[in-house]
Amino acid sequence: MASKKELVDKIQAIAKRVYAAKTAGETSIDTQEDTFGVTPDDVNFEEELFPVLAKFPKLKEVIINLLTDQYGDFISDIWWVAPRPTTFKVILANDQNFYLIYTERSWIAQVEGKKFYLASLNEEERAADSIARILRYGGGAEPDKEAPTDEVPTGGEAPADETVPETPEKLTPPSEEETPEETLPA
């Protein structure tokens, strides 16, 4: 383990090299490689947020046309779901999704079951409007189908606005005195 003096000397030496590089106008500093093992050249800022977009550059163009170049804020993932016709599932940040399908003539956006042929500008605008609508839905818009909605929650007490149904009294068959006699027509 290095002593305190050795660490201070090492920090001062690094600081001197950085200062000298700054005053000399050098752009690359070798201290980063010594310290972190990464040089500024190793960092790639052009790396795709979604790897499938690097493999299919036309898909990126279509997504930018539908969602603008800030699509990364609205999309959580993109899946390649079918090879023919080439189909991509675009999962939005609110867990809603839509499909983009590649055909020989044009791309098709399938949003909530409705198909929009993106070769037409009108259809492309309607597809963008539909995507904007499902982005407004928000997360968890669908109710849980497994949980019954009309039952009183179990927790000991019923909510204040509901009353607990009373238990019915034990039913006993009526006695002969209480039953009216039937009269038969003659």
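This briefing walks through the fold, the helix packing, the nonpolar core and a few backbone details of the structure above. The model is predicted, so to speak of local features a pLDDT of at least 70 is needed, side-chain atom pairs count only at pLDDT 80 or more, and totals for chains, interfaces and linings use all residues. Residues are numbered from 1 along each chain as its sequence is written, and side-chain values use heavy atoms, with hydrogens and water left out.

**Overall fold**

- The protein has 5 helices and 5 strands; these are DSSP runs numbered from the N terminus, with helices being H or I of at least four residues and strands E of at least two.
- Along the sequence, the pattern reads α-α-α-α-β-β-β-β-β-α.
- Of the 186 residues in the protein, 22% are buried (buried is under 20% relative accessible area, exposed over 50%, partly exposed in between, with a 1.4 Å probe and protein chains only).
- Taking contacts between residues at least 6 apart in sequence, 27% join residues at least 24 apart, where contact means heavy atoms within 4.5 Å.

**Packing of H4 and H5**

- Helix H4 (residues 57-67) packs with helix H5 (residues 121-136) at an angle of about 70°, their axes being 9 Å apart (axes are lines fitted to C-alpha atoms, for helices over the stretch in contact, and angles run from 0 to 180 degrees between N-to-C directions).
- H4 is therefore roughly perpendicular to H5 (65 to 115 degrees; under 35 counts as roughly parallel, over 145 as roughly antiparallel and the rest as oblique).
- H4 contributes Asn-65, Leu-66 and Leu-67 to the contact, while H5 brings Glu-124, Ala-127, Ala-128, Ile-131 and Leu-135.
- Sorted by class, this contact of H4 with H5 has 6 nonpolar, 1 polar and 1 charged residues (Ala, Val, Leu, Ile, Met, Phe, Trp, Tyr, Cys and Pro count as nonpolar, Asp, Glu, Lys and Arg as charged, and the others, Gly among them, as polar).

**The largest nonpolar core**

- Leu-59 and Leu-100 touch the most other members of this 25-residue core (a nonpolar core is a set of buried Ala, Val, Leu, Ile, Met, Phe, Trp, Tyr and Cys residues joined through side-chain atoms within 4.5 Å).
- At least two core residues each come from helix H3 (51-55), H4, strand E1 (75-83), strand E2 (86-92), strand E3 (97-102), strand E4 (107-111) and H5.
- H4 gives the largest share, 5 residues.
- Leaving out residues up to four places away in sequence, the residues Leu-100 touches include Leu-59, Val-62, Ile-63, Leu-66 and Trp-107.

**A closer look at Phe-98**

- Phe-98 lies in strand E3 and counts as buried because its relative accessibility is 1%.
- Among the residues Phe-98 touches, not counting those up to four places away in sequence, are Leu-66, Phe-88, Ile-131 and Ile-134.
- Between the C-alpha atoms of Phe-98 and Ala-109, 11 residues apart along the chain, the separation is 7.3 Å.

**Backbone details to check**

- Most residues other than glycine have a negative phi, and most peptide bonds are trans.
- The peptide bond from Arg-84 to Pro-85 is cis, with omega near -10°, and Pro-85 sits in the loop between E1 and E2.
- Thr-68 has a positive phi near 75°; it belongs to the loop between H4 and E1 and is partly exposed, at 42% relative accessible area.
- Glu-112 has a positive phi near 55°; it belongs to the loop between E4 and strand E5 (114-117) and is partly exposed, at 45%.
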